[in-house]
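Me: Please take a close look at one part of this model for me, and follow its packing into whatever lies around it. I'd like one connected account, with the cut-offs spelled out as you go.

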Amino acid sequence: MSETAPLPSATTEAADITPKVGIIMGSQSDWETMRHADAILTEFDIPHETLIVSAHRTPDRLCEYAKTAAGRGLSVIIAGAGGAAHLPGMCAAWTRLPVLGVPVESRALKGMDSLLSIVQMPGGVPVGTLAIGASGAKNAALLAASILALQDSDLAARLDTWRALQTASVANAPTSEDQ
């Protein structure tokens, strides 16, 4: 088993701030991927929480989490799962909030099993599916920020600045590595 960074406490923000985004994952091992979503949300000062909520091992916890999410002030849920990857879809079945699914890379099929499990939701239970692994976790956080920015002009400005800086960081022409 590989070493992974520890999962932070359930709420990563001050106790008096209501989280706007929930990051959930099926197990501790998923944190290696999902920490990238946490980092982006932290960079944007978006209050969020991170929890382990397994569709298979803690189904009652998942049901309670999803059913109470909107009432607790969440606006978006990012759900990372590997293998059978039922977490995002089951969460979406119990909440009206947007659920962004992040396929976690698996050993056996390199995350293709996770991707196909999440992306193949039946009509009527949508899950926005992102890329496999760290890129998907980062993009899920950026998509959550974009969703929240629709109602938050300060966040919209921070997102615009972040994107402008990203664009400015791209060189116009390649350089020799020897220089």
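Reply: Let's start on the outside of H6: the face turned away from its buried side carries the exposed residues Ser153, Asp154, Asp160, Leu165, Thr167 and Ala168. (Buried is under 20% relative accessible area, exposed over 50% and partly exposed in between, with a 1.4 Å probe and protein chains only; helices are DSSP runs of H or I with at least four residues, strands runs of E with at least two, both numbered from the N terminus.) Keep in mind that this is a predicted model, where local features need pLDDT of at least 70 and side-chain atom pairs count only at pLDDT 80 or more, while totals for chains, interfaces and linings use all residues. Residues are numbered from 1 along each chain as its sequence is written, and side-chain values use heavy atoms, leaving out hydrogens and water.

Leu155, Leu159 and Trp162 are its buried residues. They sit on the same side of H6 because they cover an arc of only 60 degrees around the axis, taking the arc from the directions from the helix axis to the C-beta atoms.

What does the buried side of H6 pack against? H1 and H5, with contact meaning heavy atoms within 4.5 Å. H5 also has 16 residues, and reaches 22 Å from first C-alpha to last, close to the 22 Å expected. Its buried residues are Gly136, Ala137, Ala140, Ala141, Leu142, Ala144, Ala145, Leu148 and Ala149. They pack against S1, H1, S3, S4 and H6.

That takes us into the largest nonpolar core, which has 26 residues; Val21, Met34, Phe44, Ile46 and Ile78 have the most contacts inside it. (A nonpolar core is a set of buried Ala, Val, Leu, Ile, Met, Phe, Trp, Tyr and Cys residues joined through side-chain atoms within 4.5 Å.) Two or more residues each come from S1 (21-25), H1 (31-43), S3 (76-82), S4 (99-104), H5 (134-149) and H6 (153-168). H5 gives the most, with eight residues.

Five strands form an open sheet in the order S2-S1-S3-S4-S5, with parallel pairing (two strands pair if DSSP finds at least two bridges between them). S2 (48-52) and S5 are the edge strands, each pairing on one side only. S3 and S4 pair in the parallel sense over six bridges, and isoleucine 77 has valine 99 as its bridge partner in S4.

Key
The expected span of a helix is 1.5 Å times one less than its number of residues.
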